[in-house]
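Biologist: Before I use this model, I want to know what stands behind each label put on it. Please bring it up and take me through the terms.

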Amino acid sequence: MTTLWPELVTAAAAETTAVLDKGADLDWRRPAGDLDWQCRATLDHIALGVVGYAGLLIAQPTDRYITLFASIDKAAPIAHCLEAIRISGSILASAVREASPEVRSWHPYGHSDGPGFAAMGVLEMTVHARDIALGLGFDWSPSDEMSAPVVERLFPDAPTGFRPAETLLWCTGRTELPGLPRRRNWQWNGAVR
């Protein structure tokens, strides 16, 4: 089955926004899961990364990040800040939709194409949503349906035999799997396959 990447990006943005909205009134100064960042800084990271992936697809640099940086209003309430996820997801989905199959752009984890940057965006939104949810005191994980294409696209050497969401969380150093210790050093492979 072919993955409809733009739709997956917008679905991830909607799901991430809905999950984090449950904790909008909580203390976002708490650490996001096991990260060194606070929940609020992690939200900023999501928006910056996802808009950045769209920018990379559009500008197509061969050796560097783009010079555009996105940020969220520091004074805005969290409930309003969450719209940044939907906005950045929509921008990335549009860029993926518009990119021809031949488009390639630089990323430190491998020059990539539209589907690769879409997978990176879905990973950023869902894995960091889990980090923030844990920091706010509730457990949430991305769905298997959302995780499976991301694992397939970005982690070609991922272990098999586990649920896709569990595999994604293991691949990104968030959890252990039976017989596999938690990864401390990890990165995805964005190269086009």
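Modeller: Start with Ala191: apart from neighbours within four places in sequence, Ala191 is in contact with Tyr109, Gly110, His111 and Arg153. Contact here means heavy atoms within 4.5 Å. The model is predicted, with local features needing pLDDT of at least 70 and side-chain atom pairs pLDDT 80 or more, while totals for chains, interfaces and linings use all residues. Residues are numbered from 1 along each chain as its sequence is written, and side-chain values use heavy atoms, leaving out hydrogens and water.

Biologist: Where is Ala191 placed, and what makes Ala191 count as buried, partly exposed or exposed?

Modeller: Ala191 sits in the segment after helix 7. Its relative accessible area is 27%. Buried means under 20%, exposed over 50%, and partly exposed in between (1.4 Å probe, protein chains only), so Ala191 is partly exposed.

Biologist: Why is Ser112 called buried, and what does Ser112 touch?

Modeller: The relative accessibility of Ser112 is 0%, which meets the rule for buried. Ser112 lies in the loop between helix 4 and helix 5. Not counting residues up to four places away in sequence, Ser112 touches Val103, Arg104, Ser105, Phe117, Met120, Arg153, Gly190 and Val192.

Biologist: How do you know how many helices and strands there are?

Modeller: Both are DSSP runs numbered from the N terminus: helices are H or I over at least four residues, strands are E over at least two. By that rule the chain has 7 helices and 0 strands, and the order from the N terminus is α-α-α-α-α-α-α.

Biologist: What comes after helix 7, and why is Thr172 called buried?

Modeller: Gly173, which follows helix 7, has a positive phi near 75°. Thr172 lies in the segment after helix 7 (164-171). Thr172 has a relative accessibility of 1%, and therefore counts as buried. With residues up to four places away set aside, Thr172 touches Leu123, Val127, Phe155 and Trp186.

Biologist: What makes a set of residues a nonpolar core, and which members of the largest one touch the most others?

Modeller: The set holds buried Ala, Val, Leu, Ile, Met, Phe, Trp, Tyr and Cys residues joined through side-chain atoms within 4.5 Å. The largest such core has 56 residues, and Trp28, Ile132 and Phe155 touch the most other members. Elements giving it two or more residues include helix 1 (5-21), helix 2 (39-59), helix 5 (114-136) and helix 6 (144-154). Helix 5 gives the largest share, 12 residues. In soluble globular proteins, nonpolar side chains tend to be buried together. Beyond four places in sequence, Phe155 is in contact with residues including Leu123, Leu168, Thr172, Trp186 and Trp188.

Biologist: Why is Val51 called buried?

Modeller: The relative accessible area of Val51 is 14%, so Val51 is buried. Val51 lies in helix 2. Its contacts, leaving aside neighbours within four places in sequence, are Leu68, Ala70, Ser88 and Ile91. From Val51 to Ile85, 34 residues along the chain, the C-alpha separation is 9.4 Å.

Biologist: How do you know whether the chain agrees with a compact globule or departs from one?

Modeller: The radius of gyration is taken over C-alpha atoms, and the globule rule is 2.2 Å times the number of residues to the power 0.38. For 193 residues a compact globule would be near 16 Å, and the chain has 16 Å, so the two agree. The C-alpha atoms fill a box of roughly 45 × 45 × 30 Å along the principal axes. Buried residues make up 50% of the 193 residues. Of the contacts between residues at least 6 apart in sequence, 69% join residues at least 24 apart.
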